[in-house]
Amino acid sequence: MHQQKIDEDLRSIAKGNVLSDDWSKKIYSVDASEFEILPSTIIQVKDKEDISNICKYAYYNHLAITGRGAGTGLLGQSLSTGISLDFTKYMNKINELENDYVMVQPGIVKAVLDKELKKKGKFLPPDPASSNFCTIGGMIANNSSGIHALGYGNTIDFLDGIEIIYSNGFIEPLFKKSYSIHDSAKKESHSLRTNKINQLFKLFSSDILQYISLKFPKVTKNSCGYRIDTLIDNSKRYLPHKIFASSEGTLGITTLAKFRILDLPLYRSVMVIGFENILKAVKSVPTILSLFPTSLELLDHSVLCYEKIVRNKFNFKVNNNNNGGTLLFVEFAGDDVVTIELKIQLCKEKLHGYGEILEVTSDNVSCERIWAARKNALNNVMKLTVGSRKPISLIEDTIVNPEYLYDYTLFLLKIYKKYKLDYIFYGHAGNGNLHTRPVIDTASSIYKDLIASLATEVFSKVYELSGSITAEHGDGISRTKYIPQMYGNTIFEIFKNIKFIFDPTNIMNPGKKVIQ
Ligand SMILES: Cc1cc2nc3c(=O)[nH]c(=O)nc-3n(C[C@H](O)[C@H](O)[C@H](O)COP(=O)(O)OP(=O)(O)OC[C@H]3O[C@@H](n4cnc5c(N)ncnc54)[C@H](O)[C@@H]3O)c2cc1C
């Protein structure tokens with residue numbers, strides 16, 4: 001069908017704004033990755049009926065549909081040649097806010113939600129460094145985490161229900177506490193359209209569940225593939241809504257989400273500890289973890305050196321010759337100030353003579369200043385770009401058990417040395433999730449082979465250590481092809497079946513997670 005006709009049809013169907021001019025397409029053709037893909041049409045959708053009608057039209061005409069939040073995804077997740085649905089203009093409200101949960105539309109920006117929750121003394125812990133921009137829809141789709149995932153968990157852990165629109169336009173609310181097989185069977189007999197949740201359940205025999213628990217990474221965060229390890233919990237409750245977290249919009253469009261929320265802790269203290277080099281810093285991670293911090297983050301010298309404001313903001317001297325310097329930021333939080341002070345004291349004692357305590361603070365302004373500096377890390381990393389020489393993202397989000405972090409960091413440093421590469425490190429050391437990027441000239445003739453060799457070597461090590469190739473940033477265009485290797489054939493076949501159940505004609509964000 002001709003694109004002009006499609007746009008005319010969409011204008012007559014959609015209640016929201018349909019954009020098909022070159023300027024809009026250009027804006028929506030990029031995210032925070034290196035990719036650039038022009039969408040065919042952009043629709044700033046009004047509500048769920050709007051989305052349902054657009055999906056029905058796309059389904060019958062076999063047109064791709066991709067959700068779009070703030071476009072801060074790092075792997076090209078929100079880019080496609082099809083229809084781009086933008087939720088940020090109209091679908092950005094809090095529908096319900098109660099003592100222990102919040103019900104939100106997908107286009108709400110995380111920081112806006114944080115502000116409203118704070119007024120009630122509450123918070124939703126996952127806090128990506130991009131939280132001033134990123135949306136809840138994007139956080140669900142990528143299973144985002146952030147600085148406080150160590151103490152509290154990831155987006156998937158707080159997702160208690162979801163309303164999803166499938167590729168054929170059917171609206172499925174999934175807000176029950178759990179779904180029994182009986183419920184699903186009953187649904188199947190009542191309506192063929194709603195049997196997807198039942199079909200999903202049938203993929204998981206007890207043998208398969210056992211296999212999944214053996215094969216899935218032994219780490220605290222994981223955004224690789226579909227999170228089938230979360231669908232049936234320890235009490236044998238079936239939680240089908242969890243399949244949509246980390247699915248990158250490949251199974252349906254989120255129109256409403258219910259999250260468990262927590263009381264803000266009464267006290268928190270943040271310590272900044274300086275180390276001579278990254279190896280010394282990561283070696284101290286298990287020691288600090290024994291005190292149960294709510295956050296344990298790392299910034300290496302290359303990230304700090306490129307941000308003068310950070311240097312000035314911090315109350316310590318950075319020796320310009322100390323190229324190897326690395327900082328750890330440690331937060332202890334809770335309702336008992338005595339316990340927090342004790343932990344600070346113990347941490348100081350345990351690190352005495354090994355790391356230099358540069359700052360300990362409990363006042364909110366100082367804590368926010370420190371976390372703002374940490375949240376700026378990726379922006380600083382991007383400043384390393386000079387022409388075609390760039391910090392490359394493919395291996396930037398691996399995670400291993402923190403017990404292996406020292407050996408794994410040593411391994412990464414050896415690889416960088418072998419290929420004579422400059423590099424940066426920052427990120428969630430407490431989870432064993434270091435963000436690292438080699439700086440490579442993308443115009444060089446060896447670029448593609450080099451990045452492929454790096455990925456093969458690094459990802460093989462990650463598999464060997466039962467880690468994941470992506471802890472929180474997701475697969476997107478870049479890492480989808482590595483998913484089969486990460487999980488093996490049996491699990492990848494389950495992923496393919498899941499994709500087929502929810503999106504049989506492959507129109508939902510095609511090319512991500514499972515390539516048909
Ligand atoms: C500077 C910077 C710092 C970052 N720091 C962190 C960090 O600390 N931790 C972390 O986890 N991530 C981080 N990220 C990555 C990114 O910000 C997160 O993954 C974020 O949650 C993406 O949200 P978004 O609204 O930008 O989504 P987008 O990039 O717009 O989309 C992401 C995915 O969500 C899908 N999607 C969006 N809305 C819907 C919907 N309603 N239904 C179905 N699918 C939908 C899209 O199709 C796409 O697949 C960072 C990124 C940047 C640029």
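Trainee: Which residue stands opposite Q44 in strand 4?

Mentor: D86 of strand 4 faces Q44. Strands of a sheet pair through backbone hydrogen bonds, either parallel or antiparallel. Here strand 2 (residues 41–44) and strand 4 (residues 83–86) pair in the parallel sense over four bridges; a pair requires at least two bridges found by DSSP. Helices (H or I, at least four residues) and strands (E, at least two) are DSSP runs numbered from the N terminus. The model is predicted, with local features needing pLDDT of at least 70, side-chain atom pairs counting only at pLDDT 80 or more, and totals for chains, interfaces and linings using all residues. Numbering starts from 1 along each chain as its sequence is written.

Trainee: What is the strand order of the open sheet of four strands, and which strands stand at the edges?

Mentor: The order is 1-2-4-3, with mixed pairing. Strand 1 (17–19) and strand 3 each have a single partner strand, so one side of each is left without a neighbour in the sheet. On average, neighbouring strands in this sheet are turned by 25° against each other, direction ignored. Axes are lines fitted to C-alpha atoms, for helices over the stretch in contact, and angles run from 0 to 180 degrees between N-to-C directions.

Trainee: Which helices go with this sheet?

Mentor: Helix 1 (residues 3–13) packs on the sheet and touches strand 1 and strand 2, its direction making about 10° with that of strand 2. Contact means C-beta atoms, placed from the backbone, within 7 Å. Helix 3 lies across strand 2, strand 3 and strand 4, and runs at about 170° to strand 4.

Trainee: How many residues surround the ligand, and which are the closest?

Mentor: The shell has 37 residues, the closest being G67, G69, G137, G138 and G249; a residue counts if its C-beta atom, placed from the backbone, lies within 6 Å. Elements giving two or more residues are strand 3 (65–68), helix 5 (136–142), strand 10 (253–260) and helix 17 (377–382). Helix 5 gives the most, with five residues.

Trainee: Why does the ligand lie between domain 1 and domain 2?

Mentor: Domain 1 (3–86) and domain 2 (94–263) both give residues to the shell, so the ligand lies between them. The bounds come from an automatic or database domain assignment, which also gives domain 3 (267–464). The C-alpha centres of domain 1 and domain 3 lie 37 Å apart.

Trainee: How many helices and strands are there, and what does the C-alpha trace span?

Mentor: The chain has 22 helices and 18 strands. Its C-alpha trace spans about 70 × 55 × 45 Å along the principal axes.

Note on methods
Contact = placed C-beta atoms within 7 Å.
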